[in-house]
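Hello,

Here is the structure I said I would pass on.

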Amino acid sequence: MAKQQWLTDLKTTITKGQLLLDESLSNYTKTELGGHADLLVIPETVGEMQTTVRYAYEHDIPLLLLGNGSNMVVRDGGVRGIVLHPVRLDVITVDGTHVHAEAGAHIIDVSKAAAAAGLTGFEFACGIPGSVGGAMAMNAGAYGGEIKDVIVKSTLMNRKGELFVLTKEDLGLGYRKSIIADEGYFVVSSDFDLQRGDQETIDAKVAELTFLRESKQPLEYPSAGSVFKRPPGYFAGKLIQESGLQGKGIGGAEVSTKHAGFIINKNHATATDYIRTIEMVQAEVKKRFGVDLEREVKIVGEPAE
């Protein structure tokens, strides 16, 4: 079969990372849902990441980038082609007020590293569950801050495996969007510029935001985080709450009673349950308020056969 050939070919150049055939992606997503990947590649170096991207391009193989799996729902039928999971590219360095982070680093860990170095400006990200790559692609934000406030530049890779650098001005960062997502680029690393701050003030801010996150979000259950973008003039969670949807769902998926903007995997849900619950919420909010809720989470893969 083709995937066996991909494995054989890539084994010759990927010697440090992992190559996994028919790997269940439920082990790599925050919803704990999803079918198998034909081939999952976990590179150990940028070179191995580049090799994978080039190979997929040259052989016309579908390629999906999977970051921290916090903003993605994988359908039950899994993903055909190669899934690239650069989770081991996670080095974070701090030099003065400058922070450099590889794509696979957790954005929470970047926030922690900045705070530990007495730098302010990245506290908003102390509870965002995604990777640096995912946070860049969607211009992630929380509690009044977002990536575009602190980014200087990103090193990116195109579908041919070519590396290039884009500065903040060229990244097209807007509300939950970027040129990275629009063009299908892969983040390799990002550079942030912060300011010196008072350590006690920084620590207090991180503690406050951590408390808010833990007290308001259903972190005790698997989920894809905040499911919907904020519709103009409204708050998605409030619309869902006022539609009487909290505690309702399909199969093992449920609209959280703790935060209406979250859909949780409460009782061994399938990806189909989760997606149908998303669609139910969209339909009900549209019916009640005439508002179209746009998904923030990405749905990928094939439906179950």
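This is a predicted model: local features need pLDDT of at least 70, side-chain atom pairs count only at pLDDT 80 or more; totals for chains, interfaces and linings use all residues.

**Helix pair H1 and H2**

Helix H1 (residues 2–11) and helix H2 (residues 46–58) have axes that come within 11 Å and cross at roughly 140°. An angle over 145 degrees would count as roughly antiparallel, and H1 and H2 are therefore oblique to each other. The crossing of H1 past H2 is right-handed.

On the H1 side, the contact is made by Gln5, Trp6, Asp9 and Leu10. H2 contributes Thr51, Thr52 and Tyr55. By type, the residues of this contact between H1 and H2 divide into three nonpolar, three polar and one charged.

**The five-stranded sheet**

There is also an open sheet of five strands, with antiparallel pairing, in the order S6-S7-S13-S11-S12. Its edge strands are S6 (92–95) and S12 (163–167), each of which pairs on one side only. From one strand to the next, the twist averages 15°.

If you want a place to look, Thr155 stands opposite Val165 in S12.

**A helix on the sheet**

Which helix packs on the sheet, and which strands are touched? Helix H3 (residues 107–116) packs there, touching S6, strand S7 (98–102) and strand S13 (186–193). The direction of H3 makes about 25° with that of S6.

Regards

Terms used
Residues are numbered from 1 along each chain as its sequence is written. Side-chain values use heavy atoms; hydrogens and water are left out. Two strands pair if DSSP finds at least two bridges between them. Helices (H or I, at least four residues) and strands (E, at least two) are DSSP runs, numbered from the N terminus. Axes are lines fitted to C-alpha atoms, for helices over the stretch in contact, and angles run from 0 to 180 degrees between N-to-C directions. Contact means heavy atoms within 4.5 Å. Angles under 35 degrees count as roughly parallel, over 145 as roughly antiparallel, 65 to 115 as roughly perpendicular and the rest as oblique. A crossing is left-handed if the near helix is turned anticlockwise from the far one by less than a right angle, and right-handed if clockwise. Ala, Val, Leu, Ile, Met, Phe, Trp, Tyr, Cys and Pro count as nonpolar, Asp, Glu, Lys and Arg as charged, and the others, Gly among them, as polar.
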